[in-house]
Amino acid sequence: MESLKRDDRLVSRAVRPQGSRVRIGDVEIGGDEFIVIAGPCGIEGRAQIMEAAQLVGQAGARLVRGGAFKPRTSPYSFQGLGEQGLRMLHEASLANGLPTVTEVVSPEDVPLVSQYADALQVGARNMQNFALLSAVGKSDKPVILKRGLAATLEEFLMAAEYIALRGNLSIVLCERGIRSFDSATRNVLDMSAVALLRQMTHLPVLVDPSHATGRRELVGPMSRAAVSAGADGLMIEVHPSPERALSDGPQSLTPAQFSGLMHDLAGYVALEGRVFSLFAPPIGTAFETHRRRIDRFDEIIVRMLSERAKIALELAQVKSRLHLPVLAPDREAAVLDHVQRLDSRPIGPDAIARIYSVIIREMRDLATSATVGKELSREASEQPIETV
Ligand code: PEP
Ligand code: MN
């Protein structure tokens, strides 16, 4: 079999070691920003897609998704609203300022779908539909290519190569789970594929935890894992009322669950050093958006300080048990030195030292008040001693 390890493939990492960025409307995937695409599985009506676009946008999604042509396993299942659905999606996009992603299932439909959508999705069931790959390859729209139900990474990348070879290099890969023997989840999310694809190809990689698991309660944990695995973003199914969804209800998040997840993800994305801009809803001004982003970062900072304080308290207990002094001026100096050496631009090392002097003082007060003059509880004294 021909190997993708060859460096001369259009999609090989070796061709573009710096990675590629794919632009969909005003959104860039593969850059510094971690991108969330969200929306219902299928467009079911004007009100549904309008509501979905508004709510996902307000929660911080940068693109809205929704299928108008649904490649359903059963021919008796809801097949989508076709062109009418595309129009509704387009309208929802304009009303909420979110570019759109929607699936195209046949080569003849590429011009029609391109009229309305900002990006064309090639679904898992069509990953090796070579006529479709060629058609989207000739289109000027970016393509989101989903991994086939049982496709190897080599086959996945060869499918992308078909698109690239026709001249379209705006391709984003999407890992959406693969078939396995266990029916506990709808598919098996191949997270190692995400990390491995980053080595193999320069194309951005998304994770779809909804189709990968088929269960809404697993979408959160798998989203967090995807951030850590190095994904460039997520594609998540969200429905205004999942219990009424015409397709994929059990894996669709409710509006509240989605906004909770976005909130939760902000910390993980920040830890990966990526930007997580929350989308400004049209009713909000840029001013309000910035304030919201600052609030979100303050939440992360306070959460981190709380975790840091817990460690400082544990350390104080261990020291007290070992009859060591709780205060360690040398260590405090080392902490200050350490943080001043970190890249904190645009905050300079002197300002960091001032901020940390306060943090250290507060942690010191906390540690002394928790240990000095107090008996340590039996429980605490039985905690394992860690070398620190
Ligand atoms: C979808 O995204 O709606 C979809 C059908 O996904 P997949 O092709 O991954 O099954
Ligand atoms: Mn779906």
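The following legends describe close-up views of a predicted model.

In this predicted model, local features require pLDDT of at least 70 and side-chain atom pairs count only at pLDDT 80 or more, whereas totals for chains, interfaces and linings use all residues. Residues are numbered from 1 along each chain as its sequence is written, chains are lettered from A and ligands numbered from 1 in the order in which they are written, and side-chain values use heavy atoms, with hydrogens and water left out.

**Figure 1. Overview of the chain.** The chain holds 13 helices and ten strands; these elements are DSSP runs numbered from the N terminus, helices being H or I of at least four residues and strands E of at least two. The C-alpha trace spans about 80 × 50 × 45 Å along its principal axes. Of the 388 residues, 49% are buried. Here, buried denotes under 20% relative accessible area, exposed over 50%, and partly exposed the range in between, with a 1.4 Å probe and protein chains only.

**Figure 2. Strand 3 and its parallel neighbours.** Five of the five residues of strand 3 (residues 35-39) are buried, so this strand is largely enclosed by the rest of the structure. Ile35, Ile37 and Gly39 point one way, while Val36 and Ala38 point the other way. Strand 3 runs parallel to strand 10 (residues 233-237), to which five bridges join it, and also parallel to strand 4 (residues 63-65), with two bridges. Strands are taken as paired if DSSP finds at least two bridges between them. Ala38 has Ile236 as its bridge partner in strand 10 and stands opposite Val64 in strand 4. From strand 3 the chain passes through helix 1 (residues 46-59) to strand 4 in a right-handed β-α-β crossover.

Figure 3. Cys41 lies in the loop between strand 3 and helix 1 and Glu237 in strand 10, so the pair ties together parts that are 196 residues apart in sequence. Both Cys41 and Glu237 are buried.

Figure 4. Glu237 belongs to strand 10 and Arg65 to strand 4, so the contact ties together parts that are 172 residues apart in sequence. Relative accessibility is 1% for Glu237 and 3% for Arg65, and both residues count as buried. Lys146 forms a salt bridge with Asp208, with the closest N and O atoms 2.6 Å apart. This pair links Lys146 in strand 7 (residues 143-146) to Asp208 in the loop between strand 9 (205-207) and helix 7 (209-213), 62 residues apart. Lys146 is buried at 3% relative accessible area, and Asp208 is buried at 1%.

Figure 5. Arg46 and Glu91 meet through their side chains in a salt bridge (2.4 Å, N to O). Arg46 lies in helix 1 and Glu91 in helix 2 (residues 82-96), so the pair ties together parts that are 45 residues apart in sequence. Arg46 is partly exposed at 45% relative accessibility, and Glu91 is partly exposed at 31%.

Figure 6. Most residues other than glycine have a negative phi, and most peptide bonds are trans. Asp248, in the loop between strand 10 and helix 9 (255-271), has a positive phi near 55 degrees; its relative accessible area is 17%, and the residue is buried. His323 has a positive phi of about 60 degrees and occupies the loop between helix 10 and helix 11. At 72% relative accessibility, His323 is exposed. The peptide bond from Arg345 to Pro346 is cis, with omega near 5 degrees, and Pro346 is in the loop between helix 11 (329-341) and helix 12 (349-371).

Terms used
Right-handed = clockwise from strand over helix to strand, strands pointing away. Salt bridge = Lys/Arg side-chain N within 4 Å of Asp/Glu carboxyl O.
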